[in-house]
Amino acid sequence: PSSPRATMSELSESITQLPAGDDLAALLLKRWTSGGADDAPENTSDDGSWVDVADENNDWCYLRADEVDGASDADDASAPLGDGANAVGANAVTPPPPPQCRSDGRVDAATLEAKLAAATAQIQALETQNAQLRRSASDKPASDEVSLEDLERDLRAAAARCLSGDAAAEMEVERLSRALDAHPEKIRRDADQRAAWERDERPRCSSALRRMRRVLPPWLATRGASVDTLEQAGLPRAVARRLFRERALWLTRMPASRVRKMALADLRRLDLGRLDVVELRAVYASLPAAFDADSQGEKAAWREAARERLVALAAREAADKLLRREVRHPVYDALDAVGGPFDPDARADAAVAAPSTTNLESELAAVRRARRRSDAVVAPAPAPVRPRPARLDADDPRPAMVRQAIARRPPPPRRSAMAGD
């Protein structure tokens, strides 16, 4: 157990945390901390057998623990309460009486311990009351204590006031929006709506994926191709140009493991805003539920942006408000009637690329042949001999022109004669 001096020091630190102006705090501080440190004798007893205390007159005296008599707390109860100057109403806290010193100058240890326990209980009660007052005074109630309907109603009312020109309602709208997003019922409702949308949209996405795989060759994502290669594989020129330009469509023929490992920079290069609803559904069906190496969640945010784009297009499709190119791009009109030339179930790793004789491949073959012949040493060609310039003959008019130009040149100005020359 700690010594009485250490306990009294902790009590003094706790008393200083009480509100300013509290009569009990002032009385306890005066009683236990009054007097200079130089006037108080030091307690050198380590075993707790000696205690230094002070009476009402701030006179210090030593008390030996084995000489303490069994004075009861009845003396404390009989202590006068004063004229009520420190009492406020019927609920006023009665301060404990000062320690009772005996006739020989010693104070009862039991009395000190009782007063210390009473003061500690009062401090704990004040701390509990302070916590309750702070909680009740807070203007931000817990989100789970307010119903979702009340939050939405208050948010609509605050938004209406903000739109009408009330500048003070802007902060209220922000506060209610944060509370609405953090509400447990709102989180559960959004999760249920998301699961229902995924369940309803999954068949449409699977159908769109097979529809696009009939147009895209299975070796497109693994081998790559040019517009000429796609055209020679059986696609119209317009379709080949669109497939070559919209690289996001290549995800539909890419293995799932490769899509899951794609870098964030490669994903951000894919423009999903130019795709129609069929193409976007096919791309969304090719995306994994989670990407690899995504500790910051940026790839998941990219996937969520693709989902929000598809949600918006699907909602406009249900309301019959999509544009002609958003429903289906016009380049697919010729293929949709007969279907594409490729098997939608063909695997990319087992597919064989169509032969190609483009100029690019011819140039690459020529480069490879030139590299194989690079070991042959070619002798350097002799430097060309340039003829020396011939002299001007007598019939050349240029010398005469030079002499005439010199003759027509005005003479230099003459200097004026200086005085004394």
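Reader: What covers the buried residues of α14?

Author: This is a predicted model. Residues count as buried under 20% relative accessible area, and those of α14 include Trp302, Arg303 and Arg307. What covers the buried residues of α14 includes α7, α12 (264–269), α13 and α15 (324–327).

Reader: Within what arc do the buried residues of α14 fall, seen down its axis?

Author: The buried residues of α14 are Lys299, Trp302, Arg303, Ala306, Arg307, Leu310, Leu313 and Ala314. They line one face of the helix, because seen down the axis of α14 they fall within an arc of 140°.

Reader: How far apart are the end C-alpha atoms of helix α14?

Author: Helix α14 covers residues 298–318, which is 21 residues. At 1.5 Å a residue it should span 30 Å, and the value found agrees: its end C-alpha atoms are 30 Å apart.

Reader: Over the ring of which residue does the charged end of Arg307 sit?

Author: Arg307 is one of the buried residues of α14. Its charged end is 4.9 Å from the centre of the ring over which it sits, that of Trp197.

Reader: Is the pair formed by the rings of Trp197 and Tyr284 stacked or edge-to-face?

Author: Trp197 is buried at 16% relative accessibility, and Tyr284 is buried with a relative accessible area of 6%. Trp197 lies in helix α7 and Tyr284 in helix α13, so the pair ties together parts that are 87 residues apart in sequence. The ring centres are 6.1 Å apart and the planes stand at 75°, so the pair is edge-to-face.

Technical notes:
Residues numbered from 1 in each chain as written. Predicted model: local features only at pLDDT ≥ 70, side-chain atom pairs only at ≥ 80, totals over all residues. Heavy atoms only, no water. Phe/Tyr/Trp six-rings, centres within 6.5 Å; stacked < 30°, edge-to-face > 60°. Helix = DSSP H or I, 4+ residues; strand = E, 2+ residues; numbered from the N terminus. Buried < 20%, exposed > 50% of the residue type's maximum accessible area, 1.4 Å probe, protein only. Lys NZ or Arg CZ within 6 Å of the ring centre and 35° of its normal. Expected span 1.5 Å × (residues − 1). Arc of directions from axis to C-beta. Contact = heavy atoms within 4.5 Å.
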